[in-house]
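Here is a short briefing to read alongside the sequence and the coordinates.

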Amino acid sequence: MKTIAGMAGKLMRAVQYDSYGGGAAGLKHVEVPIPTPSKDEVLLKLEATSLNPVDLRFQKGVARPFVPRKFPVIPCTDVAGEVVEVGSSAVKFKAGDKVVALLNPLIGGGLAEYAVAKESLTVPRPEEVSAAEGAGLPIAALTAHKALVDVAGIKLDGSGPRMNILVTAASGGVGHYAVQLAKLGNTHVTGTCGARNIEFVKSLGADEVLDYKMPEGAALTSPSGKKYDAVIHCARGIPWSIFEPNLSDNGKVIDLTPGPSSMCTYVLKKLTFSKKQLLPLILIPKEDKELNLLVKLVKEGKLKTMFDSKHPLSKAQDAWAKSLDGHATGKIIVEI
């Protein structure tokens, strides 16, 4: 291992929880040993970590008994920092490199001073991209990218046929990236959000914005009468019966938070050979190509990480409570 002497055996500050449930009050400040990278990993000194709704759902036990793999667990996976050690077979990075990384979701590790990341899910972070901007990207922007490019078929270079896109919860972590990425393609974008965020979503590039609490917003009706070719569904609790009349003949609803009812709809639409489809999307990243692209877009000013709030590690409970509230505008960041 190519290493900086003296890291092994030292302690770091971290925030962890030791059972399911408990919310923000279940987080505990501890000192634990700095982790050691395996041969295909890098050890990072963290500068920023972003929270995602899935972090809170893991704490609630939504993936028990598989995630977390064991207790106690240091949550969060989306990080930016500096390489301090590299494993024996890691060749892309050296100590001192600034990076963005997606940590193993089964293990977590992001609410701490140091974390280990697979080299394959770690990408360089140019000086034009701040740690907080980079830390916002991994799960949220990768999910938006996969839904738009791989499933909806949008080309981010602006080529391809004109498409009408709806983004629900467009002011949230995934949604605010989805609006911006969609507008890089040949698209007309409608977003839904609460009244206080209408101007924010317009500033991201949305052509139309619906207040989800108003009748036309609740019905998802495009103000200009558009039928949606794809819906990037970041919200929860909207039944298929609301989507269906708003879709084009081959329209797709790409559900980013699929539950039992959406899985039933998915199967039913497949069995009945419906042209209109509901497609559950679960992100399982295996390589760094897309994350590299997203960092490049931020560097070029084509994609922005917008911040709901920033919190020091010592106030991680405040960040957790803010995320639990469910109304974040952009990303919630813990700075380390």
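## Cysteines, a sheet and its helices

C76 is buried, as its relative accessible area is 2%. Please keep in mind that this is a predicted model.

**Cysteines**

- Searching the whole structure for disulfides gives zero.
- A disulfide is a covalent bond that joins the sulfur atoms of two cysteines.
- For C76, the closest cysteine sulfur belongs to C234 and lies 19 Å away, which is too far for a bond.
- For C234, the closest cysteine sulfur is that of C193, and at 12 Å this is also too far for a bond.
- C234 has a relative accessibility of 16%, so it counts as buried, the cut-off being under 20%.

**Helix α3**

- Helix α3 covers residues 138-151, and its 14 residues should span 20 Å at 1.5 Å a residue. The C-alpha atoms at its ends are 18 Å apart, which agrees with that expectation.
- Ten of the 14 residues of α3 are buried, so the rest of the structure largely encloses this helix.
- The buried residues of α3 are P138, I139, A140, A141, L142, T143, A144, H145, A147 and L148.
- Just after α3 comes G153, which takes a positive phi of about 85 degrees.

**The six-stranded sheet**

- Six strands form an open sheet with parallel pairing, in the order β10-β9-β8-β11-β12-β13.
- At the edges are β10 (208-211) and β13 (277-280), each of which pairs on one side only.
- On average, and ignoring direction, neighbouring strands of this sheet are turned by 20 degrees against each other.
- Strands of a sheet pair through backbone hydrogen bonds, in either a parallel or an antiparallel sense.
- Between β12 (residues 247-255) and β13 there are four bridges, and the two strands pair in the parallel sense.
- V253 has L278, in β13, as its bridge partner.

**Helices on the sheet**

- Helix α3 packs on the sheet, where it touches β8 (163-168), β11 (228-233), β12 and β13. The direction of α3 makes about 150 degrees with that of β12.
- Helix α4 (residues 173-184) packs on the sheet too, touching β8, β9 (187-193) and β11. Its direction makes about 165 degrees with that of β9.

Definitions and conventions
Residues numbered from 1 in each chain as written. Predicted model: local features only at pLDDT ≥ 70, side-chain atom pairs only at ≥ 80, totals over all residues. Heavy atoms only, no water. Expected span 1.5 Å × (residues − 1). Buried < 20%, exposed > 50% of the residue type's maximum accessible area, 1.4 Å probe, protein only. Pairing = 2+ DSSP bridges. Axes fitted to C-alpha atoms, helices over the stretch in contact; angles between N-to-C directions. Contact = heavy atoms within 4.5 Å. Disulfide = S-S within 2.5 Å.
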